[in-house]
Amino acid sequence: MNEEELLGTATDLGALLLENGAEIYRVEESVTRILTAYGVQEAEVFAIPTCLITTVSVEGKTRTKLRRVKARRTDLDRVERYNNLCRRVCRQTPPREEVLRAIGEIQRRPMYGLPMKAAAFALTASAFALFFGGTWMDALCAALIGAVMKLLAHPMDRLHTNSFFMNIVLSGLTAALALGGVALGLGTNVDKIVIGSFMNLVPGVAITNAMRDIIAGDLVAGLTRLTEALLTAVAMALGAGIAVAVVHWGGGI
């Protein structure tokens, strides 16, 4: 690879890691190691959750590549596969075409379908409802709500709905369905059903990565992730509060 191809390929791999929820240190280290493996002596990599900047100096010439990361999710399987690809690239220094082929293979890997994701949401909600002291009826109600949450979130994801608005809608739906389920006798503890269902929305990986980044000295990236996680919590509280208030004003509770 020439320096332009190398810079673009290394930056693309780093951006793919960021898109799937990799830690900041992993992204920066992976891109730096790839550049070093191909003979670049001076390389600087700066990453935050929404942006990756890579600069290399070769024979007195400085080149910079910037990638904006607009779509982010948590996919640890892809993080592992991209990380393994980065290590293979560092060991073997293959041509660009081979690296692009490997990236394409990872991107074409089949993902879980909507029924499986809905089942996972249902299982998570029911398990946490039991964990927090709910009854088996509460767990069943939470499972139904969890499945409905995913069925609603799927089209919103496809429309690239703002995550803050989506969390408000999903949390409001959760609280309303929990109140309705208890009113119909499908459950007994509204709080346990709501908490169990909410665990599908809690950004646990983001909070963990935020604290890890802050401790490691990546303050900008860590505070960015932490702010995003706090906004998610605010959206969840806001949505649930609106739903409870609407039911209360309607005479439901």
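This is a predicted model: local features need pLDDT of at least 70, side-chain atom pairs count only at pLDDT 80 or more; totals for chains, interfaces and linings use all residues.

Visitor: What share of the residues is buried?

Guide: Buried means under 20% relative accessible area, exposed over 50%, and partly exposed in between (1.4 Å probe, protein chains only). Of the 253 residues in the protein chain, 40% are buried.

Visitor: What do residues 24 or more positions apart account for among the contacts?

Guide: Contact means heavy atoms within 4.5 Å. Take the contacts with a separation of 6 or more: residues 24 or more positions apart account for 63% of them.

Visitor: Which residues have the most contacts inside the largest nonpolar core?

Guide: A nonpolar core is a set of buried Ala, Val, Leu, Ile, Met, Phe, Trp, Tyr and Cys residues joined through side-chain atoms within 4.5 Å. The largest one here has 33 residues, and Leu 13 and Leu 35 have the most contacts inside it. Two or more residues each come from H1, helix H2 (24-37), strand E1 (42-48), strand E2 (51-58), H3 and H4. H1 gives the most, with eight residues. Now look at Leu 35. Not counting residues up to four places away in sequence, Leu 35 touches Leu 6, Ala 10, Val 40, Ala 43, Thr 54 and Val 56. There is also a second, separate core of 20 residues, which includes Phe 121, Met 149, Ala 153 and Met 236.

Visitor: How do I check the length of a helix?

Guide: The expected span is 1.5 Å times one less than the number of residues. Helix H4 (residues 96-107) has twelve residues and should span 16 Å; its end C-alpha atoms are 17 Å apart, which agrees.

Visitor: Which residues of H4 are buried?

Guide: Val 99, Ala 102, Ile 103, Gly 104 and Ile 106. The buried residues of H4 pack against helix H1 (3-19) and helix H3 (76-92). Arg 96 also lies in H4. Arg 96 is partly exposed, with a relative accessible area of 26%. Arg 96 touches Met 1, Glu 5 and Thr 9, again leaving out residues up to four places away in sequence.

Visitor: How do I describe two packed helices?

Guide: Two packed helices are described by the angle between their axes and the distance between the axes. Axes are lines fitted to C-alpha atoms, for helices over the stretch in contact, and angles run from 0 to 180 degrees between N-to-C directions. Angles under 35 degrees count as roughly parallel, over 145 as roughly antiparallel, 65 to 115 as roughly perpendicular and the rest as oblique.

Visitor: At what angle do H2 and H3 pack?

Guide: About 25 degrees, with their axes 8 Å apart. H2 and H3 are therefore roughly parallel. On the H2 side, the contact is made by Arg 26, Ser 30, Arg 33, Ile 34 and Ala 37. On the H3 side are Val 79, Asn 83, Cys 86, Val 89 and Cys 90.

Visitor: And at what angle do H6 and H8 pack?

Guide: Helix H6 (residues 136-158) and helix H8 (residues 190-198) pack at about 40 degrees, with axes 9 Å apart. H6 and H8 are therefore oblique to each other. Asp 138, Cys 141, Ala 142, Ile 145 and Met 149 in H6 meet Lys 192, Ile 193 and Ser 197 in H8.

Visitor: What should I look for in phi?

Guide: Most residues other than glycine have a negative phi. Thr 93 has a positive phi of about 45 degrees and is not a glycine. Thr 93 sits in the loop between H3 and H4.

How values were computed. Residues are numbered from 1 along each chain as its sequence is written. Side-chain values use heavy atoms; hydrogens and water are left out. Helices (H or I, at least four residues) and strands (E, at least two) are DSSP runs, numbered from the N terminus.
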